[in-house]
Amino acid sequence: GCTADLDCASYACARQTASPDAPLVCCESAWYVFVNPALGNVCTWQSNGALCPSNRNELCLNNVCVDDICQDDQRLPGEPCDNHSDCITYQCGKQLANTSDESVC
């Protein structure tokens, strides 16, 4: 555990996961992201299936967060997405204009 960045060889002390109960650890990635006041800083390189609040891609090992969950890879055409970088085609949007359908690649 750690209480401050200087406690770590990586100079990165943050929550291990995006959970308010997660312990503070020295981040393996040497990077963290400020998520919100309740969570504070969370280590990057979160694994597939980990929480990534507010669809923060930079929290995830593969830099893809869809519906607040880290994904193992970029999404394929027709799969749900939150932004262009989630998609292998770098195109995320509604299939039909003026609908409430979820966005897809």
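Which residues form a negative surface patch? In this predicted model, where local features need pLDDT of at least 70, side-chain atom pairs count only at pLDDT 80 or more and totals for chains, interfaces and linings use all residues, the patch is formed by Asp67, Asp68, Asp82, Asp101 and Glu102. Residues are numbered from 1 along each chain as its sequence is written, and side-chain values use heavy atoms, with hydrogens and water left out.

**Overall build**
- The protein has 0 helices and 6 strands, where helices (H or I, at least four residues) and strands (E, at least two) are DSSP runs numbered from the N terminus.
- Along the principal axes, the C-alpha atoms fill a box of roughly 50 × 25 × 15 Å.

**The hairpin of β3 and β4**
- Strand β3 (residues 32–36) pairs with strand β4 (residues 40–43) in the antiparallel sense over 4 bridges, pairing being counted if DSSP finds at least two bridges between two strands.
- These two strands, β3 and β4, form a hairpin with 3 residues between them.
- Tyr32 has Cys43 in β4 as its bridge partner, while Asn36 stands opposite Gly40 in β4.

**Disulfides**
- There are 7 disulfides in the structure, each being a pair of cysteine sulfur atoms within 2.5 Å.
- One of them joins Cys2 to Cys13, with an S to S distance of 2.0 Å.
- Cys2 lies in the segment before β1 (13–15) and Cys13 in strand β1, so this pair ties together parts that are 11 residues apart in sequence.
- The torsion about the S-S bond of Cys2 and Cys13 is about 95°, and the disulfide is therefore right-handed.

**A member of the patch**
- Asp67, one of the residues forming the negative patch, is found in the loop between β5 (65–66) and β6 (69–70).
- Patches are made of residues with over 30% relative accessible area (Shrake-Rupley method, 1.4 Å probe, only the protein chains shown counting as cover) and no salt bridge, with like charges joined within 9 Å and nonpolar side chains (Val, Leu, Ile, Met, Phe, Trp, Tyr) within 5 Å.
- A salt bridge is a side-chain nitrogen of Lys or Arg within 4 Å of a carboxyl oxygen of Asp or Glu.

Definitions and conventions:
Lys, Arg positive; Asp, Glu negative; His and termini not counted. Charge placed at Lys NZ, Arg CZ, Asp CG, Glu CD.
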